[in-house]
Amino acid sequence: MGVLWRDVLVSDHVVGSDGLTAEVGGVVEMSLHLHCRELTLLGKDEPPGPRVPEGYGEPGQRWVQDLVGQVAEGRSGIWADGWVLDVDGLALYVDGTAVPEPGGWVRATGELSIAEAYETDAFEPGEELVRKAERSWLVRRIVRVDRQSGGPGARHRTRHVEVDVMRFGPGRRRGGWWTVGYLLDLDGAAAAP
């Protein structure tokens, strides 16, 4: 699959608790999760139109992905709204909407993130889904997402800083800013053997 998956969120707690690290030009192994905000049922026949994410917006501002795929067999044992979307042979774990019928084509719009182990372990059929979902990805870009509080009642400010390495450690808090996560641009084709 020659697709660049942009702005895949990796929360700071995942980097800290799981010890996940990444560097630009390096390879990471992970599954993807889509928190679906909007779902459109397209029927049983394959629809025309985009099937994979297309980059849009400014770097660090492409949080929302628009995906077209087929609903696969697989349900979550944790969330009543957990299901699986097959996008060109890649299984994505999905939550956030009513569960559509397997076999139908849908357009799912939402935010991509890493699928954590507790999420993937809760889906059935487990091992079969992991084989379809877990991939080696070449990291093309890393953007650190920092947040700063403006005081009581004030809105948080957010900044995006391009970095070479994603890691947990000292420097997570800098001058009133703290790291809340990272956005990764992942290339599946470039990491394939």
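**View 1. The whole protein and its confidence.** The protein has 4 helices and 14 strands; helices (H or I, at least four residues) and strands (E, at least two) are DSSP runs, numbered from the N terminus. Of its 193 residues, 44% count as buried, where buried means under 20% relative accessible area, exposed over 50%, and partly exposed in between (1.4 Å probe, protein chains only). The mean pLDDT is 82, and 81% of the residues reach 70 or more; pLDDT is the predictor's confidence in each residue, from 0 to 100. Over residues 55-61 the pLDDT is below 50, and beyond near neighbours in sequence this stretch has 13 contacts in the model, a contact being heavy atoms within 4.5 Å. Where pLDDT is low, the predicted coordinates should not be read in detail.

**View 2. The aromatic pair of tryptophan 5 and tryptophan 137.** Rings of Phe, Tyr and Trp (its six-membered ring) pair if their centres lie within 6.5 Å; planes under 30 degrees apart count as stacked, over 60 as edge-to-face and the rest as tilted. Here the ring centres of tryptophan 5 and tryptophan 137 are 6.4 Å apart and the planes stand at 75 degrees, so the pair is edge-to-face. Because tryptophan 5 lies in strand β1 and tryptophan 137 in strand β10, the pair ties together parts that are 132 residues apart in sequence. Tryptophan 5 is buried at 0% relative accessibility, and tryptophan 137 is buried at 2%.

**View 3. The aromatic pair of tyrosine 93 and phenylalanine 123.** The ring centres of tyrosine 93 and phenylalanine 123 are 4.8 Å apart, with planes at 65 degrees, so this pair is also edge-to-face. Tyrosine 93 belongs to strand β7 and phenylalanine 123 to strand β9, so parts 30 residues apart in sequence are tied together. Tyrosine 93 is buried at 1% relative accessibility, as is phenylalanine 123 at 2%.

**View 4. Two nonpolar cores.** A nonpolar core is a set of buried Ala, Val, Leu, Ile, Met, Phe, Trp, Tyr and Cys residues joined through side-chain atoms within 4.5 Å. The largest has 33 residues, and Trp5, Met30, Leu32, Met166 and Leu186 have the most contacts inside it. Strand β8 (residues 105-114) supplies the largest share of this core, 4 residues. A second, separate core of 8 residues includes Ala72, Ala91, Tyr93 and Leu129.

View 5. Gly126, Leu129 and Ala133 are buried in helix α3 (residues 126-133). They cover an arc of only 70 degrees around the axis, which puts them on the same side of α3; the arc is that of the directions from the helix axis to the C-beta atoms. Glu127 and Arg131, on the other side of α3, are exposed. The cover over the buried residues includes β3 (27-30), β6 (83-87) and β9 (123-124).

View 6. Aspartate 7, in strand β1 (residues 4-11), has a phi near 55 degrees. Aspartate 7 is buried, with a relative accessible area of 1%. Aspartate 88, in the loop between β6 and β7, has a phi of about 50 degrees. At 35% relative accessibility, aspartate 88 counts as partly exposed.

Note on methods:
Residues numbered from 1 in each chain as written. Predicted model: local features only at pLDDT ≥ 70, side-chain atom pairs only at ≥ 80, totals over all residues. Heavy atoms only, no water.
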